[in-house]
Amino acid sequence: MFKRSDQDNRPAVKMFVDGAAIAAREGDSVAAALLASGRDIRRATAVSGAPRLPYCMMGVCFDCLVTIDGVGNRQGCLVPVTEGMQIEIQKGKREIGK
Amino acid sequence: MTTMPKRDSYDVVVIGAGPAGLAAAATTAEAGLSTLVLDENVGPGGQVWRAITSTPVVARDRLGADYWAGAELVQELRASGAEIIQQATVWSLDRHLEIAISAGGASAFVKARRVILATGALERPFPIPGWTLPGVMTAGAAQTMLKSSALVPDAPTVIAGQGPLLWLLAAQILRLGGRIDCILDTTERRNYLAALPHALGFVTSPYFTKGLAMMREVKAKVRVVSGVSELAALGDSQLASVSYVSRGRRETIPAELLLLHQGVVPNVNLAMSAGIEHRWDDRQLCWSPVLDPDGNTSVAGIAIAGDGAGIGGASVAVARGRIAARGAVEVLAPDAAAALTAENVLRTTLAQAERGRAFLDVLFRPAPQFRIPSGDTVVCRCEEVTAKDILDAVAIGATGPNQLKAYRRTGMGPCQGRLCGLTVTELMAQARGKSPEEIGYYRLRAPVKPITLAELASVPKTEADVKAVARQ
């Protein structure tokens, strides 16, 4: 859906989505890195389980909710990626203990 | 990594580091007032200057001169001595000017003698059929990805809506080698006539030549369909196509990405939760705070600057930020006010920056069918409530947005009404034959962003706090 422009010379950051390694760039938000990965990163809503992708990318819509390093319901668009970060695509509501 | 405020009280706390916040904080800090800037994003700049200190898009002509203007103001703020905390979410502000901040999973509290709210704008809801489908995003979302990560669309892409940002985004995507298959322009034809009386202010404003040049740049490369009066995103669990009506003819085009935009509106959540009086703005079709010429609100000590005070754009925001800051300096350090830019100069700058806005407001006033949906179109994205659900609730007695919460939970999800509030007000107003002002808005309360119970529980407590709730 999105590609990286050749303007982008930032260093690579390796992170994991449901266990699979993806290459992000330093300064990416989690949500941007996921969209750039080309993987199916659709979450499922807590209410009906409908599939969603990020909508506003500015902290407003909460459609980028994702589990980051074991913590659920994080706004992926507001969190910068870090080396080795573990992402789980959140299916439904946040689980107890996450 | 997480930074918390160094002190527990400040002369001035500025909330938001976009154009208005940067200008306000630099001004108060330069005048010697202890100044704290709190901002939710990773770096300063707000939305219009997003990633100004870190963007990978280094070739200056790609994002344009108006973008790079922000770098100077960030320099000014950094040299001013103001304390700046990024990735800090303000979740409460009250009449005593006490501010609750969440950063890195923990909360802290600070007190201010003056607060300048510069929380900016958010995109107006665009509730068309299918707007919750994966692959439908706001134009602002695409621009955020472009500025902060140099990411551009490379799948079949449709941009739909109206307003200056739409053309700017299209130009930026094209300059970076991205893909746009079609632009669907929803500007109503009658708006051109209605905007005519404001045309003089517009043609003498910088918007005019810049806007025309940008539209020419885009139209040379992308098919533009004007007069679009209906719009729907289609697909099963993923956007597959966009259907539209133009001049009475329905067309469907395949698309994997649909970028929607019909202007921006003030981000009112924090201001309203602090009890600041707002009014319905009939021209901009949104809630705006009631302000005096210095930006002071109905709550003593709190001023609002920037697009949160009513949409004006970046230059207006900078001018309003300086004016609000000057007001704070005059009260807290009158001797330092003499060294600031004179008030009449600031007012002239503001008046110049405001030129052309009335024309844009009228020309790009979104059509009723794109603001007030019907049938199965989702209104509240969080709780997945449709227009029909809301009309059914009105039919059995829901009188306004706050009663509606009890019927359908609208506005009670994590976004707290940011993406449904205006739609709910206008939809209920239409259904009940009342004005938006009469129907009102959600009663907003802290926390204005969700925080965990664990974070609340770990907030420092006094003995009196514990006694107030503990069983004897």
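Mentor: On one side of the helix pair, B:Ala139, B:Gly140, B:Ala142, B:Gln143 and B:Leu146 of H4(B) meet B:Leu165, B:Leu166, B:Leu169, B:Gln172 and B:Ile173 of H5(B); contact here puts the C-beta atoms, placed from the backbone, within 7 Å. Helices are DSSP runs of H or I with at least four residues, strands are E runs of at least two, and both are numbered from the N terminus. By class, this contact holds seven nonpolar, three polar and no charged residues. Ala, Val, Leu, Ile, Met, Phe, Trp, Tyr, Cys and Pro count as nonpolar, Asp, Glu, Lys and Arg as charged, and the others, including Gly, as polar.

The model is predicted: local features need pLDDT of at least 70, side-chain atom pairs count only at pLDDT 80 or more, and totals for chains, interfaces and linings use all residues. Residues are numbered from 1 along each chain as its sequence is written, while chains are lettered from A and ligands numbered from 1 in the order in which they are written.

The axes of H4 (residues 139-149) and H5 (residues 164-175) of chain B come within 10 Å and cross at roughly 35°. Axes are lines fitted to C-alpha atoms, for helices over the stretch in contact, with angles from 0 to 180 degrees between N-to-C directions. The crossing of H4(B) past H5(B) is left-handed, that is, the near helix is turned anticlockwise from the far one by less than a right angle.

E9(B) pairs with strand E1 (residues 2-4) of chain A in the antiparallel sense over three bridges; pairing requires at least two DSSP bridges between the strands. In E9(B), B:Val152 is the bridge partner of A:Lys3.

As for the whole of chain B, 20 helices and 22 strands make it up. Its radius of gyration, taken over C-alpha atoms, is 23 Å, close to the 23 Å that the globule rule (2.2 Å times the number of residues to the power 0.38) gives for 472 residues, so chain B is as compact as a globular protein of that length.

Note on methods. Contact = placed C-beta atoms within 7 Å.
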